[in-house]
Amino acid sequence: MKVGDFELCDSSLEMSDTLALATLSPWIDVGNVGTIGLRKLEEHVSAVEFAKISRPGKFTNFTEIRPSMRIIEGRRVLNIPNSVVRYARDPATGRDCIFLHLREPQSMAEDFTDSVIE
């Protein structure tokens, strides 16, 4: 299921009293402080990937931010820079949490912002 430009992994998930935490790379993620903080919180509540931009090239200039290729356990793995959303329910409070790891758009910023809000 698509919501804006995001492709959702689980469209049946219903959230209430949701807390959203976000970081925007690389602009306000100096020294990866935001990313590190979000990842620590995600580990604490066992967050799982919930959504990502279906066509990241719409917002990213891949001549500036390059995809990378790695060999992991003998398999070639392509990493394409993308905005990712993870989800968890905080066991302590029962609140739904979404963690937004957003890539700063290099084009079509208004469409990107509308997709994040939607």
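Me: Why is the pairing of aspartate 5 with lysine 58 called a salt bridge?
Reply: A salt bridge is a side-chain nitrogen of Lys or Arg within 4 Å of a carboxyl oxygen of Asp or Glu. For aspartate 5 and lysine 58, the closest N and O atoms are 3.1 Å apart, so the pair meets that definition. Side chains of opposite charge can pair when their charged atoms come close. One caution: this is a predicted model, where local features need pLDDT of at least 70, side-chain atom pairs count only at pLDDT 80 or more, and totals for chains, interfaces and linings use all residues. Residues are numbered from 1 along each chain as its sequence is written, and side-chain values use heavy atoms, with hydrogens and water left out.

Me: Which parts does the pair of aspartate 5 and lysine 58 tie together?
Reply: Aspartate 5 sits in the loop between β1 (2-3) and β2, and lysine 58 in the loop between β4 and β5 (68-72), so parts 53 residues apart in sequence are tied together. The element names come from DSSP runs, numbered from the N terminus: helices are H or I with at least four residues, strands are E with at least two.

Me: Is aspartate 5 buried or exposed?
Reply: Buried means under 20% relative accessible area, exposed over 50%, and partly exposed in between (1.4 Å probe, protein chains only). Aspartate 5 has 13%, so it counts as buried. Lysine 58 has 28%, so it is partly exposed.

Me: Which residues does glutamate 42 touch, not counting residues up to four places away in sequence?
Reply: Contact means heavy atoms within 4.5 Å. By that rule glutamate 42 touches Ala47, Arg86, Phe99 and His101.

Me: How many salt bridges are there in the structure?
Reply: There are 5. One of them joins glutamate 49 and lysine 52, with the closest N and O atoms 4.0 Å apart. Glutamate 49 is partly exposed at 36%, and so is lysine 52, at 38%.

Me: What makes a set of residues the largest nonpolar core here?
Reply: A nonpolar core is a set of buried Ala, Val, Leu, Ile, Met, Phe, Trp, Tyr and Cys residues joined through side-chain atoms within 4.5 Å. The largest one has 14 residues, and those with the most contacts inside it are Phe6, Leu8, Phe50, Ala51, Val85 and Leu102. Two or more residues each come from β2 (6-8), β4 (48-53), β7 (84-89) and β8 (96-103). There is also a second, separate core of 5 residues, including Val45, Ala88, Cys97 and Phe99.

Me: Which residues does alanine 51 touch?
Reply: Leaving out residues up to four places away in sequence, alanine 51 touches Phe6, Glu7, Leu8, Cys9, Ser83, Val84 and Val85.

Me: And alanine 20, where is it found?
Reply: Alanine 20 is in strand β3 (residues 19-25). Its relative accessibility is 48%, so it counts as partly exposed. Alanine 20 touches Ile98 and Leu100, not counting residues up to four places away in sequence. Its C-alpha atom is separated by 11 Å from that of valine 116, 96 residues apart along the chain.

Me: How do you know that the radius of gyration agrees with a compact globule?
Reply: The radius is taken over C-alpha atoms, and the globule rule is 2.2 Å times the number of residues to the power 0.38. With 118 residues, a compact globule would come out near 13 Å; the protein chain has 15 Å, which agrees. Of those 118 residues, 31% count as buried.

Me: What pattern does the protein chain follow along the sequence?
Reply: The pattern is β-β-β-α-β-β-β-β-β-α, with 2 helices and 8 strands. Among contacts with a separation of 6 or more, 66% are between residues 24 or more positions apart.
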